[in-house]
Amino acid sequence: MPKHFFPESVKKFHDLLETRKSVPSLGTNIDVLKKIAWDYFSSTGIPLHRRGNELWKYTNLKPLSDTSFTLSSDSDVNVEDIVNEIPWSKDWHNILFINGMYRPDSLGKLDLPSGLSISDFQHNNMWANFGSLAKPNSGTFAALNTVFVQDGISIKIEPDTKIRKPINIIFVVSEVPRNFATFPRVYLDVGENSEATMIESYISLTSHPILTIPVVEIEQHTEAILRHYRIQMENENSFHIGSTRVGQKGSSKFESSTFATGPRIGRNDIHVSLNEPDATCQLHGLYITFGDQQQDNEISTTHSKPSCTSGQFYKGILAGKSTAVFSGDIVVEKGAQKSIADQKDLNLLLSKGVEIDTKPSLEIFADDVQCSHGATAGHIDLNSLFYLQSRGLDFNTAKAMLIRGFADEMIVEFELTELFEFISGLVDDIIPTLQSQSDTIGTT
Amino acid sequence: MINKNNTISRKSELSNKDYKWGFSTDVETELAPKGLSEDIVRLISSKKKEPDWLLEWRLKAFRHWVDLEDKDMEPNWARVQYPRMDFQDIYYYAAPVSKKDKAPNSMEEVDPEMLEAFEKLGIPLNEREKLAGVAVDAVFDSVSIATTFGEKLSEMGIIFCSFTEATQKHPELVKKYLGSVVPYTDNFYASLNSAVFSDGSFAYIPPGVKCPMELMTYFRINTEGSGQFERTLIIADKGSYVSYLEGCTAPMRKTSQLHAAVVELVALDDSEIKYSTIQNWFPGTKDGEGGVYNFVTKRGRAESSAKISWTQVETGSAITWKYPSVILKGDNSVGEFFSVALANNHQQADTGTKMIHIGRNTKSTIVSKGISAGKGSNTYRGGVQIMPTAENATNHTQCDSLLIGDQCGAHTVPYIQVRNPSAKLEHEASTSKVSDDQLFYLMSRGLSEEEAHHMIITGWSRDVIKELPFEFAIEASQLLKVSLEGAVG
């Protein structure tokens with residue numbers, strides 16, 4: 001049991017679990033995992049003590065622990081009503097989770113190409129790999145997800161298959177009239193020499209606080225290529241703590257771009273293991289915070305074998321009284337020679353009262369490596385602002401242009417046209433809020 | 001309870017020709033019994049004829065430390081591994097006894113064997129050092145034995161003496177500034193030091209005075225099984241300047257020795273303190289036996305327009321746990337940290353700095369070079385904090401690591417916390433090995449592989465070495481060479 005343990009945070013989730021007693025078991029194997037996960041969670045509780053707790057040093061989870069949630073939902077969502085508010089294209093393989101439950105019925109029959117199959121939790125084979133990457137006792141929130149998970153999907157891409165259309169998974173919470181928690185789960189298996197694109201988006205239609213604790217496990221086989229996009233944009237009263245675990249085999253390629261804004265507390269854990277030689281992984285992210293939001297990015301890449309390449313490149317824009325964390329870690333294990341790794345976190349601070357805590361760390365146990373990292377934090381360059389104004393732009397337009405310019409480098413990483421446009425629009429919509437919560441800083 | 005005239009005459013127990021400072025010296029040593037208690041704290045205080053307020057302060061520190069020890073608060077976050085320490089198995093007081101059992105009044109009264117020891121160390125304590133132009137305070141085990149140039153300095157109003165002497169002759173200064181930068185509650189080892197510190201150096205530079213020579217302290221642990229807990233306090237009054245050097249060695253011993261020092265720097269308005277360290281405590285044998293555990297708290301406070309600069313070359317110690325820091329309290333104050341840390345064989349270093357920006361227009365620079373070889377582990381752990389009040393603060397950090405061999409580790413853990421948006425902050429770092437192309441080039445010009453490595457490493461560390469005073473720079477470069485012997489090829 002950790003030194004600082006808050007039993008009341010365990011009780012809250014224990015009570016929540018009690019409300020689910022009548023739900024039928026998902027099978028003996030799963031019950032075993034759930035038991036391991038509960039034992040783990042009940043020994044840690046919500047990590048409220050931050051001093052000395054490297055994983056939760058800067059993010060204050062008290063607001064989460066003070067809020068109660070329910071698991072019952074009775075409202076539904078009509079997709080047609082929200083297509084303009086989510087990343088969406090009729091040409092994609094669209095998959096919908098409403099209030100944490102997979103809803104294959106809501107979008108009509110999926111027209112899946114050969115080599116791509118999707119099974120849900122009601123099908124037994126789905127569970128075979130459950131928890132193989134996100135172990136039930138590998139962290140407080142992976143454990144909570146395992147305890148409460150009720151529904152999820154397993155996506156399998158057969159070897160030598162190129163899936164042309166993106167697989168678009170939307171996690172939406174309907175207009176539930178109360179606090180509400182969801183624990184969705186996705187397992188993706190990309191076969192040898194296959195290629196695919198996956199999008200995950202998290203949105204909420206209610207203004208009540210919602211808690212989303214998703215877990216996504218991605219297994220990539222030899223020479224598999226996956227482009228992964230993650231969009232977190234729930235309402236500003238909500239809490240989002242997501243875990244993504246990726247295991248990569250030889251010569252596979254994983255490219256991920258995340259966009260995070262919205263919740264009161266957002267947390268994005270991405271752990272990638274480069275388990276065989278010549279694998280590459282590039283993680284990009286853009287986080288925008290305002291008001292009193294907290295956004296925490298816990299990004300880790302492990303080079304276990306030689307000749308792998310990895311990159312972490314994140315950018316943050318902070319306004320109001322918001323705080324953000326970038327805790328990046330690159331580990332090069334003993335014997336992982338010829339590793340190349342690069343890590344960068346750049347931040348734009350728009351107002352007094354913001355706080356950025358950035359920790360780009362490297363742990364290197366092999367000598368023949370090239371690793372570098374960098375971090376910056378600063379405000380809008382007044383010379384650039386002056387330059388634009390001298391060309392006839394008014395102050396606000398010039399400032400908006402510079403904020404937008406800072407974000408652009410990350411927005412272009414969302415390579416799909418529809419997605420690029422969606423994120424661009426989202427950022428454009430946020431910029432006036434950012435400006436209204438920004439200060440003019442510095443002297444010319 | 002004092003075990004007087006206990007002559008420690010054990011010869012160096014290990015043969016390790018790579019560490020040439022590993023001799024031990026036969027001098028009579030006064031030892032207090034092993035272990036730590038309030039009685040020991042009182043004993044140390046009474047031995048030092050300290051005023052009551054200082055004893056009280058020590059006791060408060062001791063009680064705080066006991067509390068931390070009870071709560072198991074010994075820091076465990078650093079990337080270093082060592083067996084749990086038994087704090088009751090350490091001598092907390094070991095003083096060389098001069099023949100007349102009193103502090104020496106002049107150089108002639110200093111134990112000749114001890115002088116010989118300092119000769120071996122290359123510390124000129126007698127007349128010759130006039131040429132070197134360095135004022136030396138030598139601390140043997142935990143007691144300051146001789147301070148040179150005291151008279152010349154005192155003409156200018158500069159006080160440079162042992163800490164004990166300062167508590168007797170300048171109690172008002174000590175009382176005002178002791179614990180003002182590193183309070184006794186600061187951390188586990190600082191609390192321990194505050195309770196049992198036995199001596200150290202004290203320097204005070206009066207307003208507007210530029211100290212005409214470098215002040216230097218040489219620390220040496222001689223007695224086996226003893227800890228060294230020295231305390232250094234340097235105060236640069238308004239508009240003054242001082243450059244201070246610190247060197248450290250210890251004999252080779254099979255058992256590990258604890259060194260838990262505290263250094264406090266106070267730089268008042270417009271003053272400048274330059275603090276340079278060459279740390280060459282015994283690093284342990286090639287197989288990782290013995291060596292000094294160097295757990296040190298060093299911190300300075302810079303008032304308005306003041307500057308504090310830390311330069312360190314760390315080649316010794318089995319374990320280094322050390323983060324010389326600067327609190328940039330005053331507006332326009334400047335903090336600098338230049339470091340070369342080397343970890344060879346089984347050495348473990350977790351070192352870096354902390355720059356805390358509080359005042360407006362404060363500026364800090366960090367340049368850290370870590371070299372890992374053999375089975376060594378080297379971690380840079382740095383913190384840059386920009387407080388909400390620190391308008392227009394700037395920081396530039398560069399930390400580079402060099403790996404020699406595939407059994408070592410090099411880690412970089414920078415913590416950057418910005419709470420004022422007007423801050424400008426840059427951090428960059430790289431990790432690599434010595435490039436084959438560079439080696440090939442130098443070797444094709446006739447250098448051996450080892451010479452080529454040394455040349456590349458010297459060039460690579462140049463940004464830091466050039467910050468050192470001239471004599472120290474040469475020593476540092478030699479130390480790097482010696483410490484890396486056998487690591488290449």
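What pLDDT does chain B average, and what percentage of the residues score at least 70?

Figure 1. Chain B averages a pLDDT of 81, and 78% of the residues reach a score of at least 70. For the model as a whole, ipTM is 0.87 and pTM is 0.87. Among the elements of chain B, strand β17 (residues 325-328) has the highest mean pLDDT, 97, whereas strand β1 (residues 3-8) has the lowest, 37. Over residues 1-17 of chain B, pLDDT stays under 50, and the model gives this stretch 33 contacts beyond four places in sequence. Residues 124-133 of chain B also have a pLDDT below 50, with 15 contacts in the model beyond near neighbours in sequence. Where pLDDT is low, the predicted coordinates should not be read in detail.

**Figure 2. Overall make-up of chain B.** Chain B contains 12 helices and 25 strands. Of the 489 residues in chain B, 57% are buried. Among contacts in chain B with a separation of 6 or more, 81% are between residues 24 or more positions apart.

**Figure 3. The contact between chains A and B.** On the side of chain A, 33 residues are in contact with 32 residues of chain B. Strands β20 (355-364) and β21 (369-378) of chain A each contribute at least two residues to the side of chain A that touches chain B. That side of chain A comprises 14 nonpolar, 12 polar and seven charged residues. Strand pairing also crosses between the chains: β21(A) and strand β25 (residues 424-433) of chain B run antiparallel and are joined by seven bridges. Within this view, A:S372 lies opposite B:S430 of β25(B).

Figure 4. Which residues of α7(A) are buried? They are A:A398, A:K399, A:I403, A:A407 and A:M410.

**Figure 5. Strand β16 of chain A between two parallel partners.** Strand β16 (residues 294-303) of chain A is mostly covered, with eight of its 10 residues buried. With strand β14 (residues 265-274) of chain A, β16(A) pairs in the parallel sense over 10 bridges. In this pairing, A:H271 stands opposite A:S300 of β16(A). Strand β18 (residues 323-332) of chain A likewise pairs with β16(A) in the parallel sense, over 10 bridges. Here A:D296 has A:V325 of β18(A) as its bridge partner.

**Figure 6. Strand β11 of chain B, covered on both faces.** In a regular strand the side chains alternate between the two faces of the sheet. For strand β11 (residues 256-259) of chain B, one side carries B:S256 and B:L258 and the other carries B:Q257 and B:H259, and all of these are buried. β11(B) pairs in the parallel sense with strand β14 (residues 291-302) of chain B over four bridges. The bridge partner of B:Q257 in β14(B) is B:V292.

Technical notes:
Residues numbered from 1 in each chain as written. Chains lettered and ligands numbered in written order. Predicted model: local features only at pLDDT ≥ 70, side-chain atom pairs only at ≥ 80, totals over all residues. Contact = placed C-beta atoms within 7 Å. Nonpolar A, V, L, I, M, F, W, Y, C, P; charged D, E, K, R; others polar. Pairing = 2+ DSSP bridges. Buried ≥ 20, exposed ≤ 12 C-beta atoms within 10 Å, placed from the backbone. pLDDT = per-residue confidence, 0-100.
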